[in-house]
Amino acid sequence: MRRDGRGRSVSVAAATALVCALGLPAVPEAAYAAPGDPAPGGGTGGTVAGGRSLEDVRKEVEGLYRKAESATDAYNLAREKQTRQEKTILKIARAVVKAQKEMAGLRQRAGAMARAQYRGGGMPAQARLFLNSDPGDFLDGVTLARKGEQATHGLIGRLARTQAALDRYAESASREWERLDRSRTKKAAAKKEILRRLGRAQRLESRLAKDERERLRRLEEDKARGAQAKWLDTGILRELGDGATALGRRAVGFARDQLGKDYVWGAVGPDTYDCSGLTQRAWATAGRSIPRTSQEQWRLLPKVSAKAMRPGDLIIYFRDASHVGMYVGSGAMIHAPRPGRQVTVAGAGSMPILGVVRPDAT
């Protein structure tokens with residue numbers, strides 16, 4: 001059996017999580033102390049250092065991580081835009097170099113034509129032809145003059161078009177630089193907000209004693225189990241099937257192989273993940289490229305009814321689409337929950353569902 005860094009069996013942890021995901025009690029209910037109730041084994045279960053209730057701490061920590069997760073999507077989106085804009089600027093720069101070379105060649109040709117006209121005394125070609133006494137030479141000269149005139153007009157036209165192209169490139173580059181600066185600013189602001197929220201949540205948790213942190217984990221699990229039970233009470237499990245496409249099975253298999261790995265902000269594997277990093281990597285491994293962020297996954301991937309979801313579909317959570325998990329069947333999903341937690345199996349209805357998207361929709 002594969003074991004995680006804490007020496008616990010990942011398969012046992014996954015099985016326990018699956019029991020919780022389906023809304024079944026994994027331990028006697030008496031083991032969970034409600035806020036203000038006596039804790040198992042004595043002591044106060046509902047309050048922590050500073051006189052706050054553990055439930056208040058849970059709500060604040062959850063809120064901070066949720067806001068950090070939302071800001072993470074903004075950060076990832078700004079980073080993607082920055083990457084695209086940098087590629088666009090590079091493409092423009094290559095086009096400018098090509099146009100500048102063409103302009104240099106055209107100017108050289110224009111200079112040669114000007115020098116040739118100077119050597120002819122500055123007399124227009126038409127006048128020189130008119131003064132030619134030989135009829136044959138005159139006719140040959142008319143043909144050559146027309147060709148020369150066409151070449152001159154063509155050269156002038158190409159010079160004008162090339163200069164116009166350079167002007168457009170300069171304008172486009174200026175716009176892209178402005179967009180790039182905005183993306184960098186947004187990314188920096190989002191990162192600052194993320195680190196602020198994460199730091200505050202981690203400080204709150206670090207002030208808790210070891211037993212209080214464990215009770216906090218239990219409160220989170222209890223809340224998720226209650227939400228899952230309500231979701232199952234709707235009878236949705238009777239409507240859901242466990243059939244998946246070949247791509248969906250590969251994506252689910254990959255997600256299962258990541259169980260027990262730590263959540264790390266901004267991570268896309270192979271050793272750590274955030275929520276959308278996990279789903280993106282799972283589907284990339286299955287052979288399907290999907291957007292990086294949960295918000296973009298929600299916006300761009302085909303939507304399906306929650307009642308029609310199948311293993312491999314992505315469940316988008318919360319009104320701002322700030323969290324995502326992968327449905328794996330039997331009313332359960334796999335996700336990377338938050339910092340301080342590991343990739344785990346949870347109830348598909350353990351959080352407010354915004355909707356479901358299908359990366360392998362045909």
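## Contact between α6 and α7

In this predicted model, Leu247, Gly248, Arg250, Ala251 and Phe254 of helix α6 meet Arg281, Ala282, Trp283, Thr285 and Ala286 of helix α7. Sorted by class, the contact between α6 and α7 comprises six nonpolar, two polar and two charged residues.

Helix α6 covers residues 246-257 and helix α7 residues 275-286. Their axes lie 8 Å apart, and the packing angle is about 130°. Angles of 65 to 115 degrees count as roughly perpendicular and those over 145 as roughly antiparallel, so α6 and α7 are oblique to each other. The crossing of α6 and α7 has right-handed sense.

## The loop between α6 and α7

Pro270 is placed in the loop between α6 and α7. The peptide bond leading from Gly269 to Pro270 is cis, and its omega is near 5°.

## Overall make-up of the chain

The chain has eight helices and six strands. Read from the N terminus, the order of elements is α-α-α-α-α-α-α-α-β-β-β-β-β-β.

The chain has 362 residues, of which 39% count as buried. Among contacts in the chain with a separation of 6 or more, 68% come from residues 24 or more positions apart.

## Helices α2 and α4

Helix α2 spans residues 54-119, and helix α4 spans residues 135-206. Leu166 belongs to α4. Its relative accessible area is 15%, under the 20% limit, so Leu166 is buried. Leaving aside residues up to four places away in sequence, Leu166 touches Val96, Ala99, Gln100 and Met103.

Gly63 is in α2. With 27% relative accessibility, Gly63 counts as partly exposed. The C-alpha atoms of Gly63 and Ala201 are separated by 8.8 Å, although these residues are 138 residues apart along the chain.

## The six-stranded sheet

Six strands make up an open sheet, in the order β1-β6-β2-β3-β4-β5, with antiparallel pairing. The edges are taken by β1 and β5 (344-347), each of which has a single partner strand, so one side of each is left without a neighbour in the sheet. In general, the strands of a sheet pair through backbone hydrogen bonds, in either a parallel or an antiparallel arrangement.

Strand β1 (residues 303-304) pairs with strand β6 (residues 353-357) in the antiparallel sense, over two bridges. Val304 stands opposite Val356 in β6. Strand β6 also runs antiparallel to strand β2 (residues 314-317), and four bridges join these two strands. Tyr317 has Ile353 in β6 as its bridge partner. On to the next strand in the sheet order, β2 pairs with strand β3 (residues 323-329) in the antiparallel sense, again over four bridges. Here the bridge partner of Ile315 is Gly325 in β3.

## Helix α6 against the sheet

Besides meeting α7, helix α6 lies across two strands of the sheet, β3 and β4 (332-335). The direction of α6 is at about 110° to β3.

Ala321 counts as buried, because its relative accessibility of 4% is under 20%.

Conventions:
Residues numbered from 1 in each chain as written. Predicted model: local features only at pLDDT ≥ 70, side-chain atom pairs only at ≥ 80, totals over all residues. Heavy atoms only, no water. Axes fitted to C-alpha atoms, helices over the stretch in contact; angles between N-to-C directions. Parallel < 35°, antiparallel > 145°, perpendicular 65-115°, else oblique. Left-handed = near helix turned anticlockwise from the far one by under 90°. Contact = heavy atoms within 4.5 Å. Nonpolar A, V, L, I, M, F, W, Y, C, P; charged D, E, K, R; others polar. Pairing = 2+ DSSP bridges. Buried < 20%, exposed > 50% of the residue type's maximum accessible area, 1.4 Å probe, protein only.
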